[in-house]
Amino acid sequence: MLIPILILATVALPISEAECNFFQKIWKSECPNDDEITLVTSVKTCSYFDKFFRNNNCDDNEISARDCQLENCHYNPDEDLTVPQMIARHGYPSESHTVVTDDGFILEIHRIPKVNGSGPQQPIFLQHGLMGSSADWIINGNQTLAFYLADLGYDVWLGNCRGNIYSRGHVSLPTTHATFWNFSFHEMGTKDLPKVISYITKVTNKPGEIIYIGHSMGTTMFYVFASENPVLAKNVKVMVGMGSAAYMTHIKSPIKYFAPLTTELEWLRKHLDFNEFLPNSKLMKILSSQCELFKIDEKICENLIFAICGFNKEEFNIDILPVLLAKDPAGSSTKTIIHYAQEIDNRGNFQKYDYGSVGNFIEYGTVDPPPYNISNIRNPIYLMYAKNDWLSNPVDVLRFARELKNLAGTYEIEMDSFNHVDYIFGKDAKDLVYKPLYKFLSNYTDY
């Protein structure tokens with residue numbers, strides 16, 4: 001009984017304001033002169049409880065403008081909304097469509113149908129990059145490419161590749177089965193895109209009129225699609241590549257240091273069920289909340305997200321960070337990561353998946369994985385690139401451009417620090433990327 005007596009005795013003692021602990025100050029519990037105690041201990045605590053617990057003890061009038069900045073008190077509903085809900089919240093019509101691939105994957109694609117009666121009615125398809133989703137095109141709010149194109153009168157379609165949060169269904173396989181995750185960007189290009197492009201062509205009744213815009217892996221998928229299925233690819237009138245990912249010889253990203261480990265990663269994938277790579281999780285959602293509340297954690301989050309892609313602090317819109325972390329990473333397969341790593345390890349060549357000498361002979365009839373046949377790509381292609389892009393080096397982009405049979409042009413972003421993610425998340429992307437892009441697209445747009 002000694003310990004309870006000591007506790008009671010301690011509680012009974014007078015407590016000075018300086019001795020009040022963290023939670024006593026929040027709830028003004030056991031503290032003298034309650035009316036004199038304000039929440040100056042932690043404005044961020046006030047924001048936290050106000051946001052998540054709706055604590056009435058958090059009185060905004062007691063918080064000075066100096067201590068409570070807008071970013072600490074603001075909650076963006078997009079953090080908790082699906083893509084169709086986000087689109088509707090920003091005042092646009094929204095549709096969801098389901099496409100089933102020949103190998104059974106159930107893909108969900110999103111649409112912002114034509115907003116008004118003026119302007120083009122041309123379908124334009126946006127394909128996200130690695131570990132992304134259709135959300136990437138609208139995370140930046142009203143400054144996003146999807147909304148910009150919708151305002152111009154385009155019929156905007158947003159893709160979701162197999163394995164991400166919107167395309168994790170299958171007609172017979174559960175996501176816990178290794179076979180479900182046995183794909184890379186090769187299957188995205190040979191299985192997903194043919195079905196999606198055919199579906200959009202049928203729904204819009206505009207064969208040969210689709211404008212394709214890809215970012216990062218979204219470009220890789222198209223190059224695979226057009227090189228492996230050039231006949232069906234004729235439904236694409238023109239392709240635009242942002243941060244093009246084909247050759248990867250001069251990649252600057254730290255991901256290149258994992259390239260020599262591809263054999264070990266493949267072993268893990270096969271024998272230890274290491275099949276899904278970096279899915280979205282509750283942990284990422286919690287982290288997004290902390291990034292909003294604490295300045296120091298914002299810097300940590302910036303490093304977490306941008307360590308691979310490079311980071312341009314001046315261009316990144318920090319206000320969207322909680323939404324970004326709530327949506328990305330959206331899921332992908334380990335095999336996709338390995339496929340890119342294999343290319344980096346093999347002098348950056350744009351090649352098919354390496355199954356080893358025996359596996360390659362069974363799959364391709366050759367000991368080495370064959371390169372993708374770029375000469376098969378006949379669509380007009382316009383490549384936008386940036387000097388500070390760690391994943392898509394200008395040297396590699398221009399090498400790829402020289403090998404294309406129907407190059408429509410190249411465009412260097414007019415900012416030296418512009419990087420891989422700034423195409424979709426940059427503060428000035430509208431002026432630096434979208435407006436020059438629209439000027440080019442005008443040549444392929446039917447009004």
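Helices (H or I, at least four residues) and strands (E, at least two) are taken as DSSP runs, numbered from the N terminus; by this assignment the protein has 17 helices and 11 strands. The model is a predicted one, in which local features need pLDDT of at least 70 and side-chain atom pairs count only at pLDDT 80 or more, whereas totals for chains, interfaces and linings use all residues. Residues are numbered from 1 along each chain as its sequence is written, and side-chain values use heavy atoms, with hydrogens and water left out.

Of the 447 residues in the protein, 52% are buried, a class defined by under 20% relative accessible area, with exposed meaning over 50% and partly exposed in between (1.4 Å probe, protein chains only). With contact defined as heavy atoms within 4.5 Å, 74% of the contacts between residues at least 6 apart in sequence join residues at least 24 apart. Val156, leaving aside its neighbours within four places in sequence, is in contact with His110, Arg111, Ile112, Ile124, Leu126, Ala146, Leu149 and Ala150.

Several backbone features lie in loops. Most residues other than glycine have a negative phi, and most peptide bonds are trans. Asn205, in the loop between α7 (185-204) and β6 (210-215), has a positive phi of about 55°, and this residue counts as exposed because its relative accessibility is 63%. Ser216, in the loop between β6 and α8 (217-228), likewise has a positive phi, near 60°, but is buried, with a relative accessible area of 10%. The peptide bond from Asp328 to Pro329 is cis, with omega near 0°, and Pro329 is placed in the loop between α12 (321-327) and β9 (332-333).
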